[in-house]
Amino acid sequence: MVLPGHLAGGYLATRAVLAIFHPALTASQSTWMLILGTISGDLPDIDVAIFSFTHLIGSKTAKKQHRSYVTHTPIFWLAVSAAAALIGLAASSAFILTLSAVILAGSWSHLLFDSIEYGVRWLWPFSDRSYALRYPPESESAHRRGSIAYYWEFISKAYFKNLTSYAEILVTLAAIWLLVSR
Ligand SMILES: [Zn+2]
């Protein structure tokens with residue numbers, strides 16, 4: 001899944017959190033929550049920056065794929081969300097408390113989508129095994145991993161053969177529909 005699908009997933013997750021908890025937020029706080037929640041849907045991919053940079057400089061610490069970093073593990077976002085919840089409780093802030101739930105829902109929606117075909121280490125740090133519904137055959141690329149050419153080749157050739165791309169289109173349409181019918 002690429003950026004639009006994950007952002008749409010974050011938006012849907014935030015709408016769900018707001019619908020379930022009905023937090024006491026002002027209109028502008030709710031708008032900010034939706035913006036931050038939408039972004040949280042793609043938070044795990046901040047490791048793309050570290051991944052691309054380590055490959056660019058040819059670092060020995062460069063990993064084979066960006067999903068090998070801790071930001072693609074559920075426990076990391078559980079810890080971030082718990083820390084935010086503690087701050088929210090200490091400050092008696094409905095906004096921060098809601099944000100903690102939104103961070104968890106958004107980031108985990110990302111990990112769920114990545115579990116369709118890419119694989120997520122759901123049990124890390126207890127196990128390094130990746131879980132996915134299925135693993136499509138790996139496409140060999142002549143381009144350096146993490147380079148623009150590599151991503152372009154992935155988007156233009158492999159992406160639309162994947163199940164994930166259909167989930168992405170569905171989620172994006174659902175988010176747009178909810179957004180306009182708000
Ligand atoms: Zn991801």
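## Salt bridges of the model

The side chains of Arg 134 and Glu 117 form a salt bridge, with a nitrogen-to-oxygen distance of 2.5 Å. This pair links distant parts of the chain, since Arg 134 lies in the loop between α5 and α6 (148–158) while Glu 117 belongs to helix α5, the two residues being 17 apart. Arg 134 counts as partly exposed, at 37% relative accessibility, whereas Glu 117 counts as buried, at 2%. The model in which this pair is found is a predicted one, and the count of salt bridges in it comes to 3.

Another of these salt bridges joins the side chains of Asp 114 and Arg 67, at 3.5 Å from N to O. Asp 114 sits in helix α5 and Arg 67 in the loop between α3 (47–56) and α4 (74–90), so this pair ties together parts of the chain that lie 47 residues apart in sequence. Asp 114 is buried, with a relative accessible area of 1%, and Arg 67 is likewise buried, with a relative accessible area of 18%, a value that falls under the 20% limit for that class.

The side chains of Asp 128 and Arg 121 also meet in a salt bridge, with 3.1 Å between N and O. Here Asp 128 counts as exposed, at 58% relative accessibility, while Arg 121 counts as buried, at 11%.

## Surroundings of Ser 130

Ser 130 lies in the loop between α5 and α6, and with a relative accessible area of 29% this serine is partly exposed. When residues up to four places away in sequence are not counted, Ser 130 touches Gly 119, Val 120, Arg 121 and Tyr 135; one of these residues, Arg 121, is the partner of Asp 128 in a salt bridge.

Ser 130 and Ser 52 are separated by 78 residues in sequence, and their C-alpha atoms are 21 Å apart in space.

## Packing of α2 against α5

Helix α2 (residues 27–40) and helix α5 (residues 94–117) pack at an angle of about 30°, with 8 Å between their axes. Because angles under 35 degrees fall in the roughly parallel class, α2 is described as roughly parallel to α5. The crossing of these two helices is right-handed.

On the α2 side, the contact is made by Gln 29, Trp 32, Met 33, Leu 36, Gly 37 and Ser 40, and on the α5 side by Phe 95, Thr 98, Leu 99, Val 102, Ile 103, Gly 106 and Ser 107. The residues of this contact divide into 7 nonpolar and 6 polar, with no charged residue among them.

## Packing of α4 against α5

The axes of α4 and α5 come within 7 Å and cross at roughly 170°. Because angles over 145 degrees fall in the roughly antiparallel class, α4 is described as roughly antiparallel to α5.

Helix α4 contributes Pro 74, Trp 77, Leu 78, Val 80, Ser 81, Ala 84, Ala 85, Ile 87, Gly 88 and Leu 89 to the contact, and α5 contributes Ile 96, Leu 97, Ser 100, Ala 101, Ile 103, Leu 104, Ser 107, Trp 108 and Leu 111. These residues divide into 15 nonpolar and 4 polar, again with no charged residue. Ile 103 and Ser 107 of α5 take part in the contact with α4 and also in the contact with α2.

Methods
Residues numbered from 1 in each chain as written. Predicted model: local features only at pLDDT ≥ 70, side-chain atom pairs only at ≥ 80, totals over all residues. Heavy atoms only, no water. Axes fitted to C-alpha atoms, helices over the stretch in contact; angles between N-to-C directions. Helix = DSSP H or I, 4+ residues; strand = E, 2+ residues; numbered from the N terminus. Parallel < 35°, antiparallel > 145°, perpendicular 65-115°, else oblique. Left-handed = near helix turned anticlockwise from the far one by under 90°. Contact = heavy atoms within 4.5 Å. Nonpolar A, V, L, I, M, F, W, Y, C, P; charged D, E, K, R; others polar. Salt bridge = Lys/Arg side-chain N within 4 Å of Asp/Glu carboxyl O. Buried < 20%, exposed > 50% of the residue type's maximum accessible area, 1.4 Å probe, protein only.
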